[in-house]
Amino acid sequence: MADPKGFLTTGREVAKTRPVAERVKDWNEVYVPGSLLPIISKQAGRCMDCGIPFCHNGCPLGNLIPEWNDYAYREDWTAASERLHATNNFPEFTGRLCPAPCESACVLGINQPPVTIKNVEVTIIDKAWDNGDVTPQPPERLSGKTVAVIGSGPAGLAAAQQLTRAGHTVAVYERADRIGGLLRYGIPEFKMEKRHINRRIEQMRAEGTKFRTEVEIGRDIDAAKLRKRYDAVVIAAGATTSRDLKVPGRELNGIHFAMEYLPLANKVQEGDLTVSPITAEGKHVVVIGGGDTGADCVGTAHRQGAKSVTQLEIMGRPGDERNPNQPWPTFPMLYKVTSAHEEGGERLYSVSTTHFEGDEDGNVQWLHLVEVEFKDGRPEPKPGTERKIPAQLVTLAMGFTGTDQENGLVEQFGLELDARGNIARDADFATNVPGVYVAGDAGRGQSLIVWAIAEGRSAARGVDRYLAGASALPAPIKPTDRALTV
């Protein structure tokens with residue numbers, strides 16, 4: 001155990017963010033560099049080293065949280081990094097982007113603020129990089145087997161790294177011009193600077209993983225031909241089909257999916273563009289959707305100089321504390337103020353868009369909405385609550401409905417889909433096509449980064465068993481496993 005009295009004597013303290021007036025003028029990460037190191041050992045010392053650590057169950061990766069908390073408390077960063085990497089290929093991603101279901105399941109959280117697990121995690125991995133503890137781990141010998149991984153998001157990268165280290169020759173295919181999937185173009189720079197992706201890619205290259213960008217399987221290469229070229233294939237193409245809003249006026253200029261808007265802002269940061277073709281500068285911006293992607297649009301609009309930003313959510317405002325029907329250790333629906341929300345804007349709950357109104361040139365100018373209340377699980381408009389708000393840029397951030405079926409990948413492989421439109425798979429993450437496996441959102445549906453990495457690791461074990469007859473790779477989850485919720 002770290003500090004036997006730590007949870008009694010030390011209060012919760014989280015990473016400090018830079019002043020709003022400063023950070024909205026740049027795209028750097030919002031946290032004060034180095035602010036965690038002076039406090040993190042004591043924060044790790046709050047861990048109770050529970051007999052049954054429920055944080056393990058909150059995290060699908062099964063992270064060994066009490067173990068690396070103990071090492072962090074003692075400032076043994078090398079040992080902490082080893083324990084952290086034992087279950088997680090990319091802790092610098094999860095430590096910045098995961099909503100931390102492990103903290104919701106922390107035993108201390110029953111009656112106190114939980115351990116700052118996410119902050120401890122990101123401190124350990126940042127120290128590991130600084131100290132040179134993160135090095136390539138090439139396989140001792142090659143198996144002679146080849147694997148193609150379709151998609152370079154967290155699931156694809158995790159599967160590729162595991163299979164490369166198992167001795168297989170792995171090539172990752174990505175349709176975008178850079179590796180990283182949604183990590184690269186869906187996550188704004190202020191949430192995770194892309195240098196974190198770049199150095200992981202270099203580590204994977206040094207281990208032997210090959211990368212092929214600007215190649216879309218289904219369009220550029222026939223999926224059936226790809227299957228013949230490789231001994232196995234892992235589909236980790238994500239759930240990239242955005243949910244649309246089919247209301248009058250949807251065709252007006254200035255209404256875009258979040259994943260049309262966010263990648264362009266990232267391309268500016270990559271140096272590909274000087275100014276984004278879709279910019280919030282000087283405009284009244286409305287973001288439809290109250291989740292993390294919506295918050296990313298809010299933060300991006302602030303940095304582009306929006307005149308105003310309003311975020312709409314059809315559901316009611318969550319509470320500030322756990323609802324009795326969402327008891328510990330489940331992941332509760334709580335009112336969350338992200339760094340983007342701290343920067344300004346208005347949030348409207350229990351509202352639904354009825355239609356858009358444009359000018360004579362076909363550009364959106366107004367969004368008409370109505371308040372709603374739920375009856376039998378369906379939103380019903382409240383009479384007399386109709387109104388309109390200015391909207392010269394609208395982003396649709398209402399989630400995703402499944403993997404892309406327009407590029408031909410599903411049809412060319414001959415894949416079966418489940419009832420929700422995801423690619424169907426068995427207990428080993430195998431599809432109905434021999435040698436073809438699926439990991440991440442393409443098989444699970446829209447989910448969290450920790451689930452994507454866990455899926456990639458688990459699918460890698462299935463592929464390794466298929467190729468070698470047996471596997472020593474870990475499989476933290478089954479395809480049927482779900483988050484700890486009620």
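Is Phe374 buried, partly exposed or exposed? Select Phe374 and show the surface: this residue is partly exposed, with a relative accessible area of 36%. You are looking at a predicted model, so treat each stop on this tour as a feature of that prediction.

**Stop 1: a patch on the surface**

Keep Phe374 selected and find strand S11, residues 364–375, where this residue sits. Together with Phe374 they make a nonpolar patch on the surface, and the three share about 250 Å² of accessible area.

**Stop 2**

Next, select residues 117–131, which make up helix H9. This helix has 15 residues, and from its first C-alpha to its last it reaches 21 Å, close to the 21 Å expected at 1.5 Å a residue. H9 is mostly covered, with 11 of its 15 residues buried. Colour the buried ones if you like; among them are Ile117, Val120, Glu121, Ile124, Lys127 and Trp129.

Which residues does Ile124 contact, leaving aside its neighbours within four places in sequence? They are Trp68, Ala72, Trp77, Ala80, Ser81 and Leu84. Ile124 also belongs to the largest nonpolar core, a set of 71 residues, where Ile124 is listed with Trp68, Val147, Val234 and Val463 as having the most contacts inside it. To see which helix gives the most to this core, select residues 449–468: that is H19, which contributes 10 residues. There is also a second, separate core of 21 residues, including Ala148, Leu226, Val410 and Val436. As general background, nonpolar side chains in soluble globular proteins tend to be buried together.

**Stop 3: a buried charged pair**

Move on to Arg303, in helix H15, residues 292–303. Arg303 counts as buried because its relative accessibility is 9%, and the cut-off for buried is under 20%. Show everything this side chain's residue touches beyond four places in sequence: Arg23, Val24, Asp26, Trp27, Val30, Phe190 and Glu343. Zoom in on the last of these. The side chains of Glu343 and Arg303 form a salt bridge, at 2.8 Å from N to O. Glu343 lies in the loop between H16 and S9 while Arg303 is in H15, so this pair ties together parts that are 40 residues apart in sequence. Both partners are buried.

**Stop 4**

How many salt bridges does the structure hold? There are 36. For one of them, select Lys336 and Asp292, whose closest N and O atoms are 2.9 Å apart. Lys336 is in the loop between S8 and H16 and Asp292 is in helix H15, so the pair ties together parts 44 residues apart in sequence. Here Lys336 is partly exposed at 40% relative accessibility, and Asp292 is partly exposed at 31%.

Now try Asp177 and Arg178, a salt bridge with its closest N and O atoms 3.5 Å apart. Asp177 is partly exposed at 29% relative accessibility, and Arg178 is partly exposed at 21%.

**Stop 5: a buried glycine**

Select Gly186, in the loop between helix H11 (182–185) and helix H12 (195–207). Gly186 counts as buried, at 6% relative accessibility. Leaving out residues up to four places away in sequence, Gly186 touches Gly181, Met259, Leu262, Asn266 and Asp296.

**Stop 6: backbone details**

Most residues other than glycine have a negative phi, and most peptide bonds are trans. With that in mind, go to Asp49, where phi is positive, near 50°. Asp49 is in the loop between helix H3 (37–44) and helix H4 (55–58) and is partly exposed at 39% relative accessible area. Then jump to Ser350, which also has a positive phi, near 55°. Ser350 sits between strand S9 (346–349) and strand S10 (351–358), partly exposed at 23% relative accessibility.

Finally, show the backbone from Trp328 to Pro329: this peptide bond is cis, with omega near 5°. Pro329 is in the loop between strand S8 (308–313) and helix H16 (339–342).

Methods:
Residues numbered from 1 in each chain as written. Predicted model: local features only at pLDDT ≥ 70, side-chain atom pairs only at ≥ 80, totals over all residues. Heavy atoms only, no water. Patch = residues over 30% accessible without salt bridge, like charges linked within 9 Å, V, L, I, M, F, W, Y side chains within 5 Å. Areas by Shrake-Rupley, 256 points an atom, 1.4 Å probe, with all protein chains shown as cover. Salt bridge = Lys/Arg side-chain N within 4 Å of Asp/Glu carboxyl O. Helix = DSSP H or I, 4+ residues; strand = E, 2+ residues; numbered from the N terminus. Buried < 20%, exposed > 50% of the residue type's maximum accessible area, 1.4 Å probe, protein only. Expected span 1.5 Å × (residues − 1). Core = buried A, V, L, I, M, F, W, Y, C linked by side-chain atoms within 4.5 Å. Contact = heavy atoms within 4.5 Å.
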